[in-house]
Structure formats: C-alpha cells, structure tokens
Amino acid sequence: MPRAVWLLVIGMLVSVTGNSFLWPLNAIYIHDYLGKSLFIAGLVLMLNSAASVIGNLVGGIFFDKIGGYKSILLGILISILSLLGMTFWHGWPHYVIFLTILGLGGGIIFPSMFAMAGSVWKEGGRRAFNAVYVAQNAGVAIGSALGGVVANFSFDYIFLANLSMYVVFLLIALFSYKNMAEGQLGQSNVLQERRTIRDKSKFYALAIICVAYFLGWICYVQWQATISSYTQELNMSLNQYSLLWTINGAIIVLGQPVLQKVLRKFGSQNLKGQMLVGFSIFMVSYGVAGFADGFRGFLAAMTILSVGEMLVWPVVPTVANQLAPKGREGFYQGIVNSTATAGRMVGPVLGGMLVDLWGMSVLFIILIFLLLVSFVLSYLYDRPIKKNSSMAA
C-alpha cells in the first residue's frame with residue numbers, strides 16, 4: 001500500500017481504539033453508575049447515533065467544500081473538546097451532552113477518512129477501503145481489551161484514555177494528512193436523485209433486503225446496550241465484557257482468509273445463501289446468549305455472532321450494488337447505510353423498553369423472532385425481480 005494509505009490506516013486505528021475504550025461500556029455506565037434505566041440508556045445511545053448521522057452528512061459536505069484534511073481536523077477538535085468536558089464532568093446530564101457532541105465529531109471524521117483513502121490510492125480499488133475497515137476492527141479489539149482493564153481501576157480513566165488517543169490522532173493528522181492528494185468522490189444522495197426509477201422491481205428487492213438489514217442491526221446493537229448491562233447483573237467483570245469485543249474484532253480480522261477459502265469452495269457468488277446462513281448463525285448466537293449465565297456462555301455466543309456478522313454485513317452492500325442501476329450506486333448504498341444507522345438508533349431504545357417491561361428472557365425470544373423475519377425476507381427479497389422477469393417473458 002502507498003505510504004498515505006498506511007498513515008490513514010494508523011489514524012483510523014488510533015481513533016477507533018480511543019472510541020472503543022468507551023462505547024462498549026456506555027450502557028453499563030449510564031445504568032450502573034448513573035443509576036438510569038435501560039430505556040433511558042437506550043435514549044442516550046440513540047442521541048449519540050443521531051448526532052453521528054448528522055456528522056456523517058456534514059462531514060461528506062465538508063469534504064467536497066473544504067477538503068478532507070480540514071474536515072478531519074474539525075471532527076477531531078470537536079471530539080477532543082467533548083472528551084475534555086467529559087473527563088471533568090461525567091455526571092448527569094453532562095455525560096449525555098458530551099456523548100452527543102462526541103457522536104457529531106466522530107461522524108464528521110469517518111466519511112473523510114474513507115474518501116481520502118480512495119483518493120490517494122485510486123488504483124487500489126476496494127483494497128484501500130478494506131485496509132481502513134480492517135483497521136477499524138483492530139481498533140475495536142485493542143480498545144475494548146484495554147477499556148475493560150482501565151475501567152476496573154476507575155471509570156474516570158476511561159475518559160482520559162479516550163482523550164489521550166484523540167490527541168495522538170490530532171498530531172498524526174496535523175503532520176501527515178495536509179499534503180495528501182484529495183480527489184472529489186462524487187456521491188449521490190436521496191435529495192440529488194430526482195430521476196424516475198424505471199425498474200421498480202429491483203428497488204422493491206432493495207427495500208425488502210433493507211428491512212431484513214434493519215432488523216438485524218436492531219438485534220446486533222443489543223450487545224452494546226441491554227446485553228452489556230445484563231452481563232453485569234450476572235457478575236461478569238468489565239474486563240471480561242470488554243474481552244468479548246476484543247475477541248469479536250480479532251475473529252473478524254484474523255478470520256478473513258479462512259472465510260474466503262470457505263466461500264470459494266461453496267460459492268462466493270451465492271449472496272442469498274450467505275445471508276441465510278448468516279442470519280441462521282445469528283439466531284443460534286442469541287439462543288446461546290439467552291441461556292448464558294457467565295463469561296463462558298457469552299464468549300460462545302459472541303464467537304458464533306462474529307461468524308454470522310462476517311457473512312451478513314458485507315453481503316448487503318454487495319447486493320445493493322448489484323441491484324443498483326448504472327449511475328445510482330451511491331444512492332442505493334446511501335439507503336443501505338441509512339438503514340443500518342436507523343437500526344443502531346432504534347435498537348437500544350426498543351431493547352431497553354422490552355427489558356424494563358418483561359425482562360431479558362422475553363427480549364431474547366423477540367430478538368430470535370426478528371432474526372427469523374430477517375431470514376424469511378432474505379429468502380424472498382428477489383421475488384419482485386423474478387416476477388418482473390416472468391411477466392416480461
């Protein structure tokens with residue numbers, strides 16, 4: 001890879017490591033340390049996600065207007081200011097305010113990081129984005145592992161550690177990103193797409209698969225919200241819970257070569273099959289988590305979940321790209337990304353409400369049902385295309 005891409009990868013690794021000190025422990029801190037219900041914790045996480053969505057939109061606009069270097073610096077400075085405030089004032093409601101601002105700052109950073117990766121290594125194609133993606137997962141693994149250790153000493157150190165990593169990221173950006181060649185990556189969005197959709201069968205297929213994707217993310221995000229707090233009720237240490245996310249990131253990073261060999265053997269082009277297997281694995285994972293009463297049970301559930309994640313999450317954008325008419329790839333990918341974000345926003349609130357009303361056992365049953373719906377929708381998503389083809393014939 002070019003030196004510029006390596007610098008972006010290092011920056012992404014540092015920033016995500018810093019974020020991963022905090023984000024797996026958010027629900028635990030709000031529920032156990034600030035004394036709020038899981039429903040309230042879900043609302044706080046939803047505010048953070050909503051601010052991140054706004055940040056993504058702003059970051060994309062700023063990349064086009066002022067360039068990636070200035071956009072990244074702006075996002076870093078906003079994040080540092082929020083973490084500085086959080087380090088000194090992390091009670092209620094200060095924590096909510098600073099966490100929301102942190103979501104905005106992080107949201108501004110990431111679109112420019114990916115866009116710059118594509119700009120400085122155009123001939124690299126997907127390899128540039130894959131490198132940044134792997135750095136994200138490595139950061140999750142490292143940050144989650146260190147976060148649990150730090151939190152066992154004091155939660156106060158978590159905020160300071162996150163702040164320190166962002167200061168390092170600021171130094172990397174200041175001295176490394178300024179001279180990078182920045183191309184303009186044209187991205188279409190919903191507001192720009194005013195042309196009529198001719199083949200509506202493909203758009204209907206996309207809508208069906210996005211509902212499945214949305215439900216899958218509602219279930220997945222419970223690990224960061226309700227399940228994280230549940231592990232504390234079962235007397236799991238913060239170090240053990242953070243280790244689960246370390247293992248998740250390690251499996252995703254280290255398991256790619258094995259996954260590719262398996263897919264080549266059983267058909268890498270069978271995207272529907274991969275989704276069906278992935279959602280089935282998700283259901284098994286939540287079944288195991290529902291019966292877990294300690295670290296080993298949740299470790300087994302997280303390991304299974306990670307395998308399903310490797311199958312489902314990359315496939316949905318690939319399917320969207322195949323369904324997209326020429327010139328509308330960005331528009332279709334925008335729909336997919338919005339769907340995932342919506343799932344991350346709704347999931348914590350819905351999960352917290354269900355737990356407060358009926359408890360964790362009912363939540364796990366509902367999650368498995370939602371994943372079953374995702375499985376069925378994934379199986380049926382191409383029906384509109386087949387129906388349209390038969391009518392045309």
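Me: In which helix is the place of S20?

Reply: This is a predicted model, where local features need pLDDT of at least 70, side-chain atom pairs count only at pLDDT 80 or more, and totals for chains, interfaces and linings use all residues. Residues are numbered from 1 along each chain as its sequence is written, and side-chain values use heavy atoms, with hydrogens and water left out. Helices are DSSP runs (H or I, at least four residues), numbered from the N terminus. S20 sits in residues 3-22, helix α1.

Me: Is S20 buried or exposed?

Reply: Buried means under 20% relative accessible area, exposed over 50%, partly exposed in between (1.4 Å probe, protein chains only). S20 has 1% relative accessibility, so S20 counts as buried.

Me: Which residues does S20 touch, not counting residues up to four places away in sequence?

Reply: Contact means heavy atoms within 4.5 Å. With residues up to four places away in sequence not counted, S20 touches G139, V140, G143 and S144.

Me: How are α12 and α15 oriented to each other?

Reply: Axes are lines fitted to C-alpha atoms, for helices over the stretch in contact, and angles run from 0 to 180 degrees between N-to-C directions. The axes of α12 (residues 271-291) and α15 come within 9 Å and cross at roughly 175°. Angles under 35 degrees count as roughly parallel, over 145 as roughly antiparallel, 65 to 115 as roughly perpendicular and the rest as oblique. α12 and α15 are therefore roughly antiparallel.

Me: How many charged residues has the contact of α12 with α15?

Reply: Asp, Glu, Lys and Arg count as charged, Ala, Val, Leu, Ile, Met, Phe, Trp, Tyr, Cys and Pro as nonpolar, and the others, Gly among them, as polar. The α12 contact with α15 has 14 nonpolar and five polar residues, and the charged count is one.

Me: How is α8 oriented to α15?

Reply: The axes of α8 (residues 200-220) and α15 (residues 360-380) come within 8 Å and cross at roughly 160°. That makes α8, relative to α15, roughly antiparallel.

Me: Which residues touch the most other members of the largest nonpolar core?

Reply: A nonpolar core is a set of buried Ala, Val, Leu, Ile, Met, Phe, Trp, Tyr and Cys residues joined through side-chain atoms within 4.5 Å. The largest has 108 residues, and those touching the most other members are Y177, W223 and Y286.

Terms used
Helices (H or I, at least four residues) and strands (E, at least two) are DSSP runs, numbered from the N terminus.
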